[in-house]
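Please look over the structure shown here before reading on. The notes that go with it are meant for someone new to it.

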Amino acid sequence: MVSKLNTPGQRYMYRIRNLPLTLIHPPKGLAPLELGKLWRYRDLLYLFVWRDIKVRYKQTFVGTAWALLQPLIACLVLTLFFGKLARISSGEVPYPIFAYTALVPWTYFVNALTHSSNSLIFNSTIITRVYFPRLIIPISAVATGLLDFAIALLILFGLMVFYGIIPTPALLTLPFFMLMSLATALGFGLWLAVLNVEYRDIKFILPFLTQIWLFATPVAYPSNLVPEKWRIIYGLNPMAGVVDGFRWAILGTNPPHIPLLIASITVVTILLIGGLFFFRYKEDTFADVV
Amino acid sequence: MGNIAIRTVNLGKLFYLNQKKRGKLRETLEEKIRLSLKHLFTALSPDAKKNEKKHPFANKHIWALKNVSFEVKHGEAVGILGHNGAGKSVLLKILSQVTKPTEGYAEIHGRVGAMLEVGTGFHPELTGRENIYLSGAILGMTRREIKTKFDEIVEFSEIGDLLDMPIKYYSSGMQGRLAFAVAVHLEPEILLIDEVLAIEDISFKEKCLSKLKEIVREGRTVLFVSHNMDSLKTLCNRAILLERGKIVFDGDIKKAISKYLSGNPDAKL
């Protein structure tokens with residue numbers, strides 16, 4: 001068998017087959033992100049997303065309808081308590097669509113954050129046995145939620161028709177705010193997923209965190225309830241920027257407060273890039289620790 | 001030297017045993033209390049000193065691999081022998097990049113496919129068909145590769161009509177067959193195989209062995225971990241014997257096996 005490579009011609013064949021050389025060495029601190037590698041593993045990313053979508057509603061009674069029910073029920077509750085009882089002002093738009101518009105990105109965010117934070121643990125058997133860029137796991141967790149997001153968005157368009165809301169040119173910014181909610185979920189999700197590998201406390205912290213977070217986000221109330229001078233600090237919660245952006249894009253009412261939006265975008269960018277590096281830095285230890 | 005497939009130089013892997021227990025913070029505390037109680041008992045027993053030495057967690061860390069250096073040429077089939085805990089699986093995990101070494105390095109020329117545990121990535125709620133795609137992708141195949149090999153895989157696995165049933169309804173033997181069928185159709189130049197022949201079904205086992213022989217005959221490089229001496233003998237000419245993380249023998253398979261069988265630590269107890 002070895003003699004296969006003995007003549008120059010065969011060596012040449014060997015070289016043009018261009019076998020990749022892999023060097024395996026101890027971890028050396030900060031690793032490059034190797035985003036190109038992610039691209040080579042895109043089939044796996046696709047299959048993880050597809051698996052999670054297929055499996056998500058298996059053995060449930062209403063199935064995919066959960067994608068509709070989650071934001072709709074939340075909308076009903078908010079309308080009842082905040083719209084009717086507390087009489088929170090929703091400006092010139094009816095309260096239900098005011099709340100639902102915010103709930104579409106919010107529900108996506110909470111689900112995507114929860115799934116990505118738990119994703120490394122759920123896939124621990126694969127992590128300890130097969131090599132692939134681990135970033136695929138939280139990314140696929142965040143991407144899986146996009147289907148539910150799209151379904152909830154369709155209902156939103158339906159509600160717009162129902163309430164006679166005419167889209168403004170601001171609607172064109174919607175993809176940007178969608179992307180921003182994805183980036184927020186991934187940014188936080190990367191950090192929490194890595195921490196979750198070592199400290200399962202994260203699993204218990206998450207439900208609290210998202211509950212408290214809901215109050216810090218202008219879902220049930222408009223962000224102009226927050227005094228103007230506090231808006232930048234308020235914007236440090238990136239979901240504040242996302243939700244304000246969504247309302248503006250869909251309802252065409254108040255444009256987002258610019259300092260608030262800039263604060264949100266800055267936080268998301270720092271968190272996401274930092275999270276990617278933190279993840280890569282810790283990636284080598286996952287198989288030993290998880 | 002263009003014909004080296006794998007070269008490892010002073011590969012070492014350190015595991016911390018007394019490391020603060022991962023997981024919940026409370027567990028860390030509980031673990032501490034339990035360990036100190038244990039220490040108390042060992043100290044009270046008459047041959048305390050002896051016990052302390054033998055206590056497996058007395059050392060703070062353990063080298064699962066230490067100074068492991070070897071070369072494997074393209075087209076070689078090498079068996080890896082050793083008792084439980086000798087470091088065989090850790091070695092394969094390092095070579096397949098699942099875990100990183102603590103020291104030393106390894107060079108690998110060519111793509112690596114690893115069959116470290118059959119059925120990795122199978123999802124019980126998905127059908128056999130879906131799981132072939134999923135598991136194939138996890139093992140490093142592209143969707144196109146799987147598509148072209150799909151019929152072959154199904155035929156090899158002998159699952160027939162059950163293909164479109166969720167595999168949670170399969171028997172464990174059937175799941176094993178399907179998993180093996182996927183893994184054995186991997187294309188890379190270097191294959192790392194860990195104990196995948198732990199299949200009960202004898203006729204299927206024969207089939208797997210002959211498929212593996214075919215892979216070796218094709219000139220691909222195979223590292224093969226097994227406790228089954230017969231399959232090792234039929235597949236490999238050379239073996240590396242590991243003991244407590246170190247290479248104690250590297251050479252002819254028959255010598256390696258006899259050395260392995262004579263050095264059985266269980267016999268001493």
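What follows is a short briefing on chain B, grouped by topic. The model is predicted. In chain B there are 10 helices and nine strands, and six strands form an open sheet with mixed pairing.

**Chain B as a whole**
- Chain B has 269 residues, and 50% of them count as buried.
- Taking contacts in chain B between residues at least 6 apart in sequence, 73% join residues at least 24 apart.

**The sheet**
- Across the open sheet of chain B, the strand order reads 5-6-7-3-8-9.
- Strand 5 (112-115) and strand 9 (246-252) of chain B are the edge strands, and each of them pairs on one side only.
- On average, neighbouring strands of this sheet are turned by 15 degrees against each other, with direction ignored.

**Strands 3 and 8**
- Strands of a sheet pair through backbone hydrogen bonds, in either a parallel or an antiparallel sense.
- In chain B, strand 3 (residues 77-81) pairs with strand 8 (residues 238-243) in the parallel sense, over four bridges.
- Opposite B:Val78 stands B:Arg238, which belongs to strand 8 of chain B.

**A helix on the sheet**
- Helix 3 of chain B, residues 88-95, packs on the sheet.
- This helix touches strand 3, strand 5, strand 6 (190-194), strand 7 (221-225) and strand 8 of chain B.
- The direction of helix 3 makes about 150 degrees with that of strand 6 of chain B.

Note on methods:
Residues are numbered from 1 along each chain as its sequence is written. Chains are lettered from A and ligands numbered from 1 in the order in which they are written. This is a predicted model: local features need pLDDT of at least 70, side-chain atom pairs count only at pLDDT 80 or more; totals for chains, interfaces and linings use all residues. Side-chain values use heavy atoms; hydrogens and water are left out. Two strands pair if DSSP finds at least two bridges between them. Helices (H or I, at least four residues) and strands (E, at least two) are DSSP runs, numbered from the N terminus. Axes are lines fitted to C-alpha atoms, for helices over the stretch in contact, and angles run from 0 to 180 degrees between N-to-C directions. Contact means heavy atoms within 4.5 Å. Buried means under 20% relative accessible area, exposed over 50%, partly exposed in between (1.4 Å probe, protein chains only).
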